[in-house]
Structures are given as C-alpha cells and as structure tokens.
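Trainee: I have a model open and want to learn how to read it. Where do we start?

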Amino acid sequence: MANKTFLYIGAGLLLLIGLCLFGYGLLNVIGSTSAQGSRTWLTFGIGFACTGAFFLAGGIGLIVFASRQKGAIGSGDNITYKIDLPSQTKVEQMKCNNCGGALKADNVKMIAGAPTVECPFCGTTYQLTEEPKW
C-alpha cells in the first residue's frame, strides 16, 4: 500500500514539473513572435515544451501503473480465519435449512464478518446463527 502512495506522489511531482516546463516553453514560443523577442526563444521554447511533455507523459504513466497494482483487501486476496474451539466441541454435519442437502466447508463464506452459507443444491443463501447450548 505504501508503494502505491509513493507512486502517486511521484506522479504528482512529475505532472507538476511537466506543467511548469510545458507552460514556460509555450511562453517562450509566444514571446519569440513579439517585436522585442529573439529567435533563440523559439528553440528554447520548443525544447522546454517537449521536455515538459515527456514529464507529463511520465506522470500519467505512473498514475496508470499505480492504479493497476493490486490493493490491500478486496482485490482477490484470500483471508483465512482461525477459530479456537473449546475441547468439548463436536463437529456435526451441516444440512441446508431449505432442502436438507449436505453442506461442506466450501459452502461457508465470510461476508461482512458473518458466516454465510450457499446451498449447492437449491441455491438458497442464508446466514449461519449459533443456537444456545442450554
């Protein structure tokens, strides 16, 4: 995540430098057309404008590169939850509340912090709730 931040900061600096150089180059080109202007201003202006355009392209390239990098959460990362169970816990086979089909551990997913089950037989999706043991 920090790498992405540095890429955006670098892109911002390149864009800022590119805009300044490009603008200065345009001012030199415009100034070379005036009566008090010099012909050498045209060469400097074109040079500065081209250098500014390269900096702008580099800044845009860094933004595109940073935006295509994977983010922290939500971009396909697998998250594994480890659960500590008490020693008296028995694991029972789960059955679908709707059709009674046998469910596997692959059918349970964590969505927004809550365990959710999708039945592969009938397609019903519901949230798991823990019933009291007493």
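Mentor: We take the sheet, then the aromatic contacts. Keep in mind that this is a predicted model.

Trainee: How do strands of a sheet pair?

Mentor: Strands pair through backbone hydrogen bonds, in parallel or antiparallel fashion. Here, three strands make an open sheet in the order 3-4-5, and the pairing is antiparallel.

Trainee: Which are the edge strands?

Mentor: Strand 3 (108-111) and strand 5 (125-127). Each of them pairs on one side only. Neighbouring strands in this sheet are turned by 35 degrees on average, with direction ignored.

Trainee: How many bridges join strand 3 to strand 4?

Mentor: Four, and the two strands run antiparallel. Strand 4 covers residues 114-118. For a specific contact, look at Met-110: its bridge partner in strand 4 is Pro-115.

Trainee: Now the rings. How many aromatic pairs does a search of the whole structure find?

Mentor: One. Tyr-24 and Phe-48 form it.

Trainee: What is the geometry of the Tyr-24 and Phe-48 pair?

Mentor: Planes over 60 degrees apart count as edge-to-face. The planes of Tyr-24 and Phe-48 stand at 80 degrees, so this pair is edge-to-face. The centres are 5.0 Å apart.

Trainee: Which parts does the pair tie together?

Mentor: Tyr-24 sits in helix 1 (residues 2-32) and Phe-48 in helix 2 (residues 40-68), so the pair links parts 24 residues apart in sequence.

Trainee: Does Tyr-24 count as buried, exposed or in between, and what about Phe-48?

Mentor: Tyr-24 has 44% relative accessibility, so it counts as partly exposed. Phe-48, at 30%, counts as partly exposed too.

Technical notes. Residues numbered from 1 in each chain as written. Predicted model: local features only at pLDDT ≥ 70, side-chain atom pairs only at ≥ 80, totals over all residues. Heavy atoms only, no water. Pairing = 2+ DSSP bridges. Axes fitted to C-alpha atoms, helices over the stretch in contact; angles between N-to-C directions. Phe/Tyr/Trp six-rings, centres within 6.5 Å; stacked < 30°, edge-to-face > 60°. Buried < 20%, exposed > 50% of the residue type's maximum accessible area, 1.4 Å probe, protein only.
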